[in-house]
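Dear colleague,

Please find the structure below, handed over for your use. My notes on it come after.

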Amino acid sequence: MSKKNKKKQATEAFEKNSGTSEKSTRSKNSEAVKTPLRLTMHQKFADLFVISMFAVFPIYMTNKLFNVRDDRLHYFIATTFVLLFFIVATYICGIDKDYWPKHLFKMSVSDWSFIAFVVVCLISACLSEYGNEAFTGSGGRDSGFWLMAMYLLCYLLISRYFKYREPIFTVFAVMSSVVCLIALMHEFWIDPFRIVVDIKESQQKDFITTIGNINMFSGFVCVSLPVCTALAVQSKDKLFSAFYLFTAVVNFMGLLVANSLSGYFGLVAFMAVLFIYCCGSAHRLFKFCLSLSAMLISIKLLRLISLLFHDNYKNLGDLSKFLIFDNRVFIAIGISIMLTIGAFLLDQKFGDEHSPKWCQIAAGAFVGVAASAVLFVFIYFSFIDKVTDLGKFSKVLRLNDQWGTHRGYAWIRGMILFKSKGVKNILVGSGPDTFGQLIKADYRQDMLKRHDAVFDTAHNEFLNYLVTTGIFGFTAYVSLIGTLLWRCIRRCKNNIPFMIAILAIVSYCSQSIFNLATPIITPYLFLFFGIAEALIRSFDEENAAASK
């Protein structure tokens, strides 16, 4: 059997066993043909954990939004230990002994990268002059060594035991839509669940739905929206495809009122990757264009809703205001509708046949050139031409202390701190989540004078890890992301599970360039790391079985 046929056979086996093959979905003219899926007890426990993270975690609160960070931290830790307990109990009781994983201790490059990252965090915490804060994260956002260790435990459990089933992600699509609908109500000062009513009115504009801070909500949507969009593009069932498209639109409208530029960055990043993938067939390209058109139309739907409420809404950022209120957006809507019609005609002619390979190569080249051009312009006006008046675009295109709602101040000081604190800090950092201690020691009075506030993070997760875990920790973290994405991309082809994982990780990591790690949303990143590794392992097991 040729290598190509073996890979095709493995892909078909993976789709069959994960319930993603066309035969296991509903069609218009026939009833569903359900492929029996044998789940072991530990796989059931892992799947239940993922469901709880999708269904309960985003709405779990003990005192509205006042303790939301502690609530999500405690929920994540408690449920992870519960999962560990039941997994261990399964082995001790000898349940499903014939189905115990054969490659439980087989380590991948991503596993080693994650372990290396946590080991560096431990070394960094032990050597830190802020030892207590480094272990507990009490001086920052609770993201000290202990939480990093919990992320590793969650990753190891999910990567070994999770079994993909589409209904699990349907739960996430539903619950994220609920969270976003609450956000839309809050945007127009409607609070039926009295979540934000006790927050000072002057601060209510910064807190929304069950997530809390608008930046955190934006990060949440950057995980849920890619999942909904991927399901809408890939679903074979027209009814489910329409439902997923609806959830994607609701999530997109939530992103509009999140009022955070980091969310738009995550949106552009995952849509660019999805575009390249969808150029692989006319049918997927049509679904992509349809999703894009639906999102753009929903912008003006939000404008209509605003009119119904006499424009009595919370504050919106410049970009959100432009999209919602500027009539030039209708031009983009018209173009997207024409592209959708053109893609529909191609779909009618070619269907789900694979496009020539050059189509995806051309799409990738287009995205790469566009991204490179934007990066070049940013670097040019930030480090070469610092005098040209850019007007309102200087907020975006020129890095300085005022850039990105003063994120530029934290970024510039973060790089100074990284380079000036000695060899030990350069190699292993100042200790996990101790950025606040470093910057307060050198710039506390300056921050109070300039911004009337004190930063405790770099507002850039990558820079934060560089400063607090050094080159070694940063390299391990980037290696974890890179190896997982590369290994998923090599296997994705037509498999929706891989695309869900890829898009969620890309979107979160892109928005994290402008955001901060917190137990409110960051557990989702490491959860999807585990899901991605689990998918890779399942695929490779099927590949190995097919080659025999």
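The notes below cover cavities, a helix pair and several individual residues.

This is a predicted model, in which local features need pLDDT of at least 70 and side-chain atom pairs count only at pLDDT 80 or more, while totals for chains, interfaces and linings use all residues. Residues are numbered from 1 along each chain as its sequence is written, and side-chain values use heavy atoms, with hydrogens and water left out.

**Cavities**

A cavity here is a set of points, on a 1 Å grid over the protein atoms alone, where a 1.4 Å probe fits but cannot get out. Grid points are joined across faces, edges and corners, and a volume is the space filled by probe spheres set on the points. On this basis there are four cavities of 30 Å³ or more, and the largest cavity has a volume of about 100 Å³.

Lining residues are those with an atom within 4 Å of a point. For the largest cavity they are Cys121, Ser143, Met148, Pro432, Asp433, Thr457, Asn464, Tyr465, Thr468, Thr469, Leu516 and Ala517. Helix α19 (residues 461–492) supplies the largest share of this lining, with four residues. Helices are DSSP runs (H or I, at least four residues), numbered from the N terminus. Sorted by class, the lining of the largest cavity has six nonpolar, five polar and one charged residues. In this scheme Ala, Val, Leu, Ile, Met, Phe, Trp, Tyr, Cys and Pro count as nonpolar, Asp, Glu, Lys and Arg as charged, and the others, Gly among them, as polar.

One of the lining residues, Ser143, is found in the loop between α5 (131–136) and α6 (145–161). Ser143 counts as buried because its relative accessibility is 8%; buried means under 20% relative accessible area, exposed over 50%, and partly exposed in between (1.4 Å probe, protein chains only). Leaving aside neighbours within four places in sequence, Ser143 is in contact (heavy atoms within 4.5 Å) with Gly137, Met148, Pro432, Asp433, Ala517, Thr518 and Pro519.

**A pair of helices**

Two packed helices are described by the angle between their axes and the distance between the axes. Helix α11 (residues 282–308) and helix α12 (residues 318–325) pack at an angle of about 85°, with their axes 8 Å apart. Helix α11 is therefore roughly perpendicular to α12, a label that applies to angles of 65 to 115 degrees. The axes are lines fitted to C-alpha atoms over the stretch in contact, and angles run from 0 to 180 degrees between N-to-C directions. On the α11 side the contact is made by Ile299, Lys300, Leu302, Arg303 and Ser306, and on the α12 side by Leu323, Ile324 and Phe325. By class, this contact of α11 with α12 has five nonpolar, one polar and two charged residues.

Phe322 also has its place in helix α12, and is partly exposed, with a relative accessible area of 36%. Phe322 and Arg303 are 19 residues apart in sequence and 11 Å apart in space, C-alpha to C-alpha. Beyond its neighbours within four places in sequence, Phe322 is in contact with Arg328 and Val329.

**Positive phi values**

Most residues other than glycine have a negative phi. Asp96 has a positive phi, near 55°. Asp96 is found in the loop between α3 (68–92) and α4 (109–127) and, at 19% relative accessibility, counts as buried. Asn259 also has a positive phi, near 65°. Asn259 lies in the loop between α9 (238–258) and α10 (261–278) and is partly exposed, with a relative accessible area of 22%.

**Residues paired across the sequence**

Arg537, in helix α21 (residues 522–546), counts as buried at 13% relative accessibility. Arg537 and Pro101 are 436 residues apart in sequence and 11 Å apart in space, C-alpha to C-alpha. Leaving aside neighbours within four places in sequence, Arg537 is in contact with His103, Lys106, Met107, Ser108, Asp111, Ser159 and Arg160.

Val82 lies in helix α3 and, at 42% relative accessibility, counts as partly exposed. Val82 and Phe45 are 37 residues apart in sequence, with 9.4 Å between their C-alpha atoms. Leu375 is found in helix α14 (residues 357–384) and counts as partly exposed at 49% relative accessibility. The C-alpha atoms of Leu375 and Leu397 are separated by 9.2 Å, and the two residues are 22 apart along the chain.

With kind regards

Key:
1 Å grid on protein atoms, 1.4 Å probe; cavity = no way out; pocket = protein on both sides within 12 Å on 5 of 7 lines; lining within 4 Å. Helix = DSSP H or I, 4+ residues; strand = E, 2+ residues; numbered from the N terminus. Parallel < 35°, antiparallel > 145°, perpendicular 65-115°, else oblique.
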